[in-house]
Amino acid sequence: MNNTQLNHPARIWLKEYIEQPGMTKTRASDELGISHKVLNALLEGNYAGNADNQLAKLDEQRKRISAIVRMDGVDLAHIPTEMMQRVWRAADSAKIAHLCMLLAGKSQIGKTTACEAYKMRYPETTIFFRMPTMPTVSSMVCELLEAAGLPKARTLSEGLSLLREHVCARHLIIADEVHIALTRRQGVDALDALREIFDRSGCGLMLVLTDVGAQDVVKGTYAGRLAQLERRGEWEILPEWPTNRDIRAVWEAYGLPEPDSDTQRQIGALARRSCFGQFIHRLKLAASVAQQEARQLTWPDFIDAASRMARRPE
């Protein structure tokens, strides 16, 4: 790569994007739509192919993400809500009392967002990672090493040794998407390895899973083995839906006024269907359009975005 490519705004942004709390190369690769190999080559400055083409694609992603993440200095990815405070209290309990906290809630209720914000608040003592898609002990250890800022290990034994030397009582490990591991033996093996790290280090541990995953812990095929984790801590079951105050906090963070009654009913229906998910997806699209047109976001923008995103194939 030449000097112009090495100093391209998209490459500089990529380095900053990777360094965000809670971000890993695996997650960045998924979110940006580029392979792990290309991502590493761009970061290291030794991409051998058409770097201009890859940088142009990356720049489009940079503009897209930059347009929806912040408005008027507000971090729209981590809006303070009552749900977030509840997750933070559970994390504090796990860290202070050295518990294994099982945090369960519906998909899109804001679990991951709250955990990311907690990592940003306590970056030195929080190790936040996501369970791999097909978890094994080896793949889980790789994710945990990267999240802890430790070097890659040549063997599983070396990786576990690095973690045992690094993790101590002042740390809190947050494992997200744990429900992925609960229905296969290799996944439960990975959780056993994580439990051993927790036992040896005296750290806090918070396992984040869906409400369906919570049933697998209690009644699933591997409930007997998972009881080892249950006995080491407590459950925190999140509410089924966001509160009206939390929904209000989201639209206010986007700079929107009180909506009319029809729009409020539409928002309520979205919240009941997908918690924060569909509501925020539509707000992000509307905000992106308004920002690209250099104007203030309005509720008609949201209605238009909601109409566009509601379309499904026949």
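View 1. The model is predicted: local features need pLDDT of at least 70, side-chain atom pairs count only at pLDDT 80 or more, and totals for chains, interfaces and linings use all residues. Residues are numbered from 1 along each chain as its sequence is written, and side-chain values use heavy atoms, with hydrogens and water left out. Strands (E, at least two residues) and helices (H or I, at least four) are DSSP runs, numbered from the N terminus. Strand 3 and strand 7 (residues 233–237) run parallel, paired over 5 bridges. Two strands count as paired if DSSP finds at least two bridges between them. On strand 6 (residues 204–210), strand 3 has 6 bridges, also in the parallel sense. There, Ala104 is partnered by Leu209.

**View 2. Strand 3 (residues 100–105) is largely enclosed by the rest of the structure, because 6 of its 6 residues are buried.** Buried means under 20% relative accessible area, exposed over 50%, and partly exposed in between (1.4 Å probe, protein chains only). Cys100, Leu102 and Ala104 point one way. Met101, Leu103 and Gly105 point the other way. In a regular strand the side chains alternate between the two faces of the sheet.

**View 3. Five strands form an open, parallel sheet in the order 4-5-6-3-7.** Strand 4 (126–130) and strand 7 are the edges; each has a single partner strand, so one side of each lacks a neighbour in the sheet. From one strand to the next, the twist averages 15°. Axes are lines fitted to C-alpha atoms, for helices over the stretch in contact; angles run from 0 to 180 degrees between N-to-C directions.

**View 4. Helix 7 and helix 8 meet the sheet at strand 4 and strand 5.** Strand 4 joins strand 5 (residues 172–176) through 5 parallel bridges. Ile127 stands opposite Ile173 in strand 5. Helix 8 (residues 137–147) touches both strand 4 and strand 5, at about 140° to strand 4. Helix 7 (residues 111–121) lies across strands 3, 4, 5 and 6, at about 150° to strand 4. Contact means heavy atoms within 4.5 Å.

**View 5. The largest nonpolar core has 42 residues.** A nonpolar core is a set of buried Ala, Val, Leu, Ile, Met, Phe, Trp, Tyr and Cys residues joined through side-chain atoms within 4.5 Å. Among those with the most contacts inside it are Ile174, Met206 and Phe279. Helix 6 (residues 82–97) gives the largest share, 7 residues. Met206 touches residues including Val87, Met101, Leu103 and Ile174.

Note on methods
Lists of a residue's contacts leave out its neighbours within four places in sequence.
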